[in-house]
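Please keep the sequence and the structure at hand while reading.

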Amino acid sequence: AISAQEQVLSEMSQEAEDRMCSQASAQQQDFKAHSQRLLAREQAVADREEATAEIEQAHALRSQELSRRETALAERDQRLAAREQANAEREKSIEEREGTVASSNRELAAPPQAEESGEP
């Protein structure tokens, strides 16, 4: 009878051990699956952070290029304004010289005036 009881206890013990091993194995697989999901999420976050950094870098480069272009346009506008000023001054000078020449031409074209000497 003891041997039959030992046999039953041994079987029950073995079944309990098998259940515990099965549960432990299932928990271990769940843990591994959960760990893999966490790693995948971490990798996805790292990928998004890298993509964001690349986008920010591209944005910074575009901003620098726009700033460079704006500076070049401002410099060009200054050069154009200086040329317009110089052209306006040259035009004014030419008009003054034209006025002087026209006045000289009128004086030269005018008939000589008789001096007042009392002669008829």
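**Charged side chains in a predicted model**

R76 has a relative accessible area of 41% and therefore counts as partly exposed. The model is a predicted one, and 3 salt bridges are found in it.

**The R76 pair**

- R76 meets D77 in a salt bridge, with a distance of 3.8 Å from N to O, which falls within the 4 Å cut-off for such a pair.
- D77 is partly exposed because its relative accessibility is 41%.

**The network around E65**

- A network of salt bridges links E65, R68 and R69.
- In the pair of E65 and R68, the closest N and O atoms are 2.5 Å apart, and the two residues sit 3 residues apart in helix α1, about one turn of the helix.
- In the pair of E65 and R69, the closest N and O atoms are 3.0 Å apart; these residues are 4 residues apart in helix α1, so about one helical turn separates them.
- E65 is partly exposed, with a relative accessibility of 28%, while R68 is partly exposed at 49% and R69 is likewise partly exposed at 49%.

**A negative surface patch**

- E11, E15, E17 and D18 together form a negative surface patch.
- E11, one of the residues of this patch, is located in helix α1, which covers residues 2–109.
- E11 counts as partly exposed because its relative accessibility is 41%.

How values were computed
Residues are numbered from 1 along each chain as its sequence is written. This is a predicted model: local features need pLDDT of at least 70, side-chain atom pairs count only at pLDDT 80 or more; totals for chains, interfaces and linings use all residues. Side-chain values use heavy atoms; hydrogens and water are left out. Patches are made of residues with over 30% relative accessible area and no salt bridge: like charges are joined within 9 Å, nonpolar side chains (Val, Leu, Ile, Met, Phe, Trp, Tyr) within 5 Å. Accessible areas come from the Shrake-Rupley method with a 1.4 Å probe; for residues, only the protein chains shown count as cover. A salt bridge is a side-chain nitrogen of Lys or Arg within 4 Å of a carboxyl oxygen of Asp or Glu. Lys and Arg count as positive and Asp and Glu as negative; His and the chain ends are not counted. The place of a charge is taken as NZ of Lys, CZ of Arg, CG of Asp or CD of Glu. Buried means under 20% relative accessible area, exposed over 50%, partly exposed in between (1.4 Å probe, protein chains only).
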